[in-house]
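Please consult the sequence and the structure while reading.

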Amino acid sequence: MALKKLPNSDRIVKKSNALLRCINWSCSIWEPRIVALLASKIRVDDTDFQTYEIPVRELMPEKNWGGKDYDELAATVDNILSHVITIYYNDGWSKYNIFSKCKFKRKDGVLELRFDPDLKSHYLELTTNFAKYKLIEFLRLPSTYSQRMFEFLTSWKDK
């Protein structure tokens, strides 16, 4: 009998340590999952952000999605867009919204997302001061607190 491969089992999330340490999600479990799923879509050879698609089934594969769930998804995306991320540098700080685009295609059951272009240095062509982890490990975490702790500790893994 062949073993069934879990979805997302080989995808990797890479983020700069500065970004991992600055995001403070006070939210539902879905917001960090959407961001991690999107980050896992970035390819090593990407030099610019693309518009990536996330099937809603990747958020919770075992669930039969219905109208109430899509309303919750819309509220989750609204909450993500309302968050301001502050990244501190030696000489000051920068503030961002994490996404420059969020679109839901209900017929296809797909979210279309794109990171803010100014966050390229935190997701693309990372060579130093970054952390990476397996997406499947992150998605299995049961709460927003465990997700936050996991990412924060991962950012200090080299110390």
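Helix 6 consists of 12 residues, and the distance from its first C-alpha to its last is 17 Å, close to the expected 16 Å; the expected span is 1.5 Å times one less than the number of residues. Helices (H or I, at least four residues) and strands (E, at least two) are DSSP runs, numbered from the N terminus. This is a predicted model, in which local features need pLDDT of at least 70 and side-chain atom pairs count only at pLDDT 80 or more, while totals for chains, interfaces and linings use all residues. Residues are numbered from 1 along each chain as its sequence is written, and side-chain values use heavy atoms, with hydrogens and water left out.

The buried residues of helix 6 are Thr144, Gln147, Arg148, Glu151, Thr154 and Ser155. Seen down the helix axis, these buried residues fall within an arc of 135 degrees, so they line one face of helix 6; the arc is that of the directions from the helix axis to the C-beta atoms. Here, buried means under 20% relative accessible area, exposed means over 50%, and partly exposed lies in between (1.4 Å probe, protein chains only). On the other side of helix 6, Tyr145 and Leu153 are exposed. The cover over the buried residues includes strand 1 (12–16), helix 1 (17–22), helix 2 (30–40), strand 7 (130–134) and helix 5; such cover rests on contact, that is, heavy atoms within 4.5 Å.

Helix 3 (residues 67–82) has 16 residues, which should span 22 Å at 1.5 Å a residue; its end C-alpha atoms are 23 Å apart, which agrees. In helix 3, the residues Asp69, Tyr70, Leu73, Thr76, Val77 and Ile80 are buried. Viewed down the axis of helix 3, they fall within an arc of 115 degrees and so line one face of the helix.

The face of helix 3 turned away from the buried side carries the exposed residues Lys68, Asp71 and Asp78. Among the elements that cover the buried residues of helix 3 are helix 2, strand 5 (99–105) and strand 6 (110–115).

## Aromatic pairs

The structure holds 9 aromatic pairs. Rings of Phe, Tyr and Trp (its six-membered ring) pair if their centres lie within 6.5 Å; planes under 30 degrees apart count as stacked, over 60 as edge-to-face and the rest as tilted. One of the pairs, Phe115 and Tyr123, is stacked, at 4.1 Å centre to centre and with 20 degrees between the planes. Both Phe115 and Tyr123 are buried. Phe138 and Phe150 form a tilted pair, with 6.2 Å from centre to centre and 50 degrees between the planes. Phe138 lies in helix 5 (residues 135–139) and Phe150 in helix 6 (residues 144–155), so this pair ties together parts that are 12 residues apart in sequence. Phe138 is buried, with a relative accessible area of 0%, whereas Phe150 is partly exposed at 22%.

Ring pairs also link Phe49, Phe99, Phe115 and Tyr123 into a cluster. Phe49 is found in the loop between helix 2 and strand 2 (52–55) and is buried, with a relative accessible area of 8%. Leaving aside residues up to four places away in sequence, Phe49 touches several residues, including Ile42, Pro117, Leu119 and Leu124.

## Charged residues

The charged end of Arg21 sits over the ring of Trp156, 3.5 Å from its centre. Lys95 lies over the face of Trp93, at 4.8 Å from the ring centre. A charge sits over a ring if NZ of Lys or CZ of Arg is within 6 Å of the ring centre and within 35 degrees of the ring normal.

Arg11 lies in the segment before strand 1 and is buried, with a relative accessible area of 17%. The side chain of Arg11 makes a polar contact of 2.7 Å with that of Ser40 and another, of 3.2 Å, with the side chain of Glu58. A polar contact is a pair of N or O atoms within 3.5 Å; within protein, one must be able to donate a hydrogen and the other to accept it, and residues adjacent in sequence count only if both atoms are side-chain atoms.
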